[in-house]
Amino acid sequence: MSGASIKERGQGPQAGESDKRRQILEGARQVFMASGFDGASMGEIARAAGVSKGTLYVYFDSKEALFEALTTEEKEGLAEALFRLDEDDPDLCAVLTRLGTSYLAMMARPEHVSLIRMVIGACEKFPRFGQAFFEAGPACGTERLKAYFDSQVAAGRLAPGTDTDLAAKHFLHLCQAGMMTRLLFNVGEAPSEAEIRYRVAEAVRVFYAGYGPPTAG
């Protein structure tokens, strides 16, 4: 056969293993969301994923390992998608507006709120679940936003001496401003697009008032 081999084109055993792993994680997502961590069983997950229990245990040796992989990868994917920030982009307000809008829309998704509840429910018994989830999502996102703010301080677009780690946390919490607490307790509906735009605009305004350079109008 001429040209690249099947394996070189990404169609060989490694690609198949990756597809099977994703299939298992999707089945696990369905079961965990429906039954929670304690209520889920490896048998149910195998059935939902369309694989045998033997195959399931080849990829994940316990329900705990499967749960940790699912929740961590979910949060890593969100952080990767949301916090792609160009440190050389000089339009601070536009960057924060885009980030805040995407951040709130993603955080308010019912399946994401359910995921957070599920991790909170499990991490008292398994503290590492909470730590892994936190490090993969909130900590990663904050670190990326901090790096962007570092570049903006250096360029004079944020106040000298800004604590950029705290500033990153301030901005994200300004966007939420109680929204996630309400959703976690299942109070009211997810925010509309208009509410998200308003929340983000106010967050940017307040953030810039506190952290903008001394000459900012």
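# Notebook: an all-helix chain

I started with Phe-32. Leaving out residues up to four places away in sequence, I found Phe-32 in contact with Phe-37, Ala-40, Ile-45, Lys-63, Leu-66, Phe-67, Leu-70 and Met-118. Contact here means heavy atoms within 4.5 Å.

**Ground rules.** I noted that this is a predicted model, where local features need pLDDT of at least 70, side-chain atom pairs count only at pLDDT 80 or more, and totals for chains, interfaces and linings use all residues. Residues are numbered from 1 along each chain as its sequence is written, and side-chain values use heavy atoms, with hydrogens and water left out.

**Overall layout.** I counted 11 helices and zero strands in the chain. Both are DSSP runs numbered from the N terminus: helices are H or I with at least four residues, strands are E with at least two. I then looked up the extent: the C-alpha atoms fill a box of roughly 65 × 55 × 30 Å along the principal axes. The chain has 217 residues, and 39% of them count as buried. For accessibility I used a 1.4 Å probe and protein chains only: buried is under 20% relative accessible area, exposed is over 50%, and partly exposed is in between. I also checked contacts between residues at least 6 apart in sequence; 70% of these join residues at least 24 apart.

**The core.** Which residues touch the most other members of the largest nonpolar core? They are Phe-32, Leu-66, Leu-145, Phe-149 and Phe-171, out of 57 residues in that core. Helix α5 gives the most to this core, with eight residues. A nonpolar core is a set of buried Ala, Val, Leu, Ile, Met, Phe, Trp, Tyr and Cys residues joined through side-chain atoms within 4.5 Å. I wrote down a general point too: in soluble globular proteins, nonpolar side chains tend to be buried together.

The largest pocket holds about 590 Å³ of space. It has 27 lining residues, and the closest to its centre are Tyr-103, Met-107, Phe-134, Pro-138 and Gln-176. The search ran on a 1 Å grid over the protein atoms alone; a pocket is an open set of points where a 1.4 Å probe fits, with protein on both sides within 12 Å along at least five of seven lines, and lining residues have an atom within 4 Å of a point. Points are joined across faces, edges and corners, and the volume is the space filled by probe spheres set on them.

I sorted the lining into 17 nonpolar, eight polar and two charged residues. Nonpolar covers Ala, Val, Leu, Ile, Met, Phe, Trp, Tyr, Cys and Pro; charged covers Asp, Glu, Lys and Arg; the others, Gly among them, are polar. Several helices supply at least two lining residues each, including α4 (63-82), α5 (92-107) and α8 (138-154).

**A buried glutamine.** Is Gln-152 buried or exposed? Gln-152 is buried, at 0% relative accessibility. This residue lies in helix α8. Beyond four places away in sequence, Gln-152 touches Glu-87, Asp-89, Pro-90, Leu-92, Arg-157 and Leu-158.

**Salt bridges.** I used this rule: a side-chain nitrogen of Lys or Arg within 4 Å of a carboxyl oxygen of Asp or Glu. The count comes to 11 salt bridges. In general, side chains of opposite charge can pair when their charged atoms come close.

- Arg-29 and Glu-26 meet at 2.7 Å, N to O. They are three residues apart in helix α1 (residues 13-39), so about one helical turn separates them. Arg-29 is partly exposed at 25%, and Glu-26 is partly exposed at 35%. Glu-26, Arg-29 and Glu-74 are linked in a network of salt bridges.
- Glu-195 and Arg-199 meet at 2.9 Å, N to O. They are four residues apart in helix α11, so about one helical turn separates them. Glu-195 is partly exposed at 29%, whereas Arg-199 is buried at 16%.
- Arg-205 pairs with Glu-202, with the closest N and O atoms 2.8 Å apart. Glu-202 is partly exposed at 27%.

Which residues did I note for a positive phi without being a glycine? Ala-177 has a phi of about 40° and lies in the loop between α9 and α10. Asn-186 has a phi of about 60° and lies in the loop between α10 and α11 (193-211). Asn-186 is exposed, at 62% relative accessibility.
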